[in-house]
Amino acid sequence: MKKFRIIIALTPVLAMLFGFTASATVISSANSVVNNDKYEYPITPQKTPEIWKSFSTHQEMLEACEIPKDTLEAMSTKSLLLACLEYPLAGDTLCYDNVYAGFESVMNNSNALTELFSRSDFSDALASLFETTTAVNLKNNTTGFECITQFLSLITAHSVKNELISQNDEKRIIDNIDAFVKGL
């Protein structure tokens, strides 16, 4: 029953904020690097449209969005969470009958999400994100705000459903939902 508290708490937030758009715009550069603890995807539809348009299959897009294993393992959990929020193929969640089925598919195709959910400090990193940022901050400092916030809600819902969040961190998220959405 407790795991449904956070899902219930997130439901109005989802309805109010997350008008999902298919454009998963990310902030990235031409090189695959972790810069100031922030991973930047080397190939995205926005930064390298000529390369992205040359892909003839979805598999090529998936491969372009893979984070190299050594980079993935060296990333902090916070950096990894932020990289997941800016995943260029997050919009794939719209290609299914419902966004939860879409999220499961995206998760199964993303080495970053798989790694994120396996981290022992994932729960703390997610709760810390809700404590240290706001939706307004995300909106002002990223592009593709609707996609990023939708993906954040799906990551959170998946984590609660699969009991990946400790009770303490669940309380931290619930306590910070109002502050997170304040000002929108």
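Modeller: A salt bridge is a side-chain nitrogen of Lys or Arg within 4 Å of a carboxyl oxygen of Asp or Glu. The model is predicted, and a search of the whole structure finds 6 salt bridges.

Biologist: What makes Lys 69 and Glu 73 a salt bridge?

Modeller: The closest N and O atoms of Lys 69 and Glu 73 are 3.1 Å apart. The limit is 4 Å, so the pair qualifies. Both residues belong to helix α4 (residues 69–74), where they are 4 residues apart, about one turn of the helix. Lys 69 and Glu 73 are both exposed.

Biologist: How do you know that Arg 172 and Asp 124 form a salt bridge?

Modeller: From N to O the distance is 2.8 Å, and the cut-off asks for a value within 4 Å. Arg 172 sits in helix α11 (residues 167–181) and Asp 124 in helix α8 (residues 122–132), so this pair ties together parts 48 residues apart in sequence.

Biologist: Why is Arg 172 called buried?

Modeller: Its relative accessible area is 15%, and buried means under 20%. Arg 172 is therefore buried.

Biologist: Why does Asp 124 count as partly exposed?

Modeller: Asp 124 has 39% relative accessibility.

Biologist: Which residue meets Arg 172 in a salt bridge at 2.7 Å, N to O?

Modeller: That residue is Glu 131. Glu 131 lies in helix α8 and Arg 172 in helix α11, so the pair ties together parts that are 41 residues apart in sequence. With a relative accessible area of 37%, Glu 131 is partly exposed. Through shared partners, salt bridges join Asp 124, Glu 131, Asp 169 and Arg 172 into one network.

Biologist: Which residues make the contact?

Modeller: From α5 they are Thr 77, Leu 80, Leu 81 and Cys 84, and from α7 they are Ala 112, Leu 113, Glu 115 and Leu 116. By class, this contact has 6 nonpolar, 1 polar and 1 charged residues.

Key
Residues numbered from 1 in each chain as written. Predicted model: local features only at pLDDT ≥ 70, side-chain atom pairs only at ≥ 80, totals over all residues. Heavy atoms only, no water. Contact = heavy atoms within 4.5 Å. Helix = DSSP H or I, 4+ residues; strand = E, 2+ residues; numbered from the N terminus. Nonpolar A, V, L, I, M, F, W, Y, C, P; charged D, E, K, R; others polar. Buried < 20%, exposed > 50% of the residue type's maximum accessible area, 1.4 Å probe, protein only.
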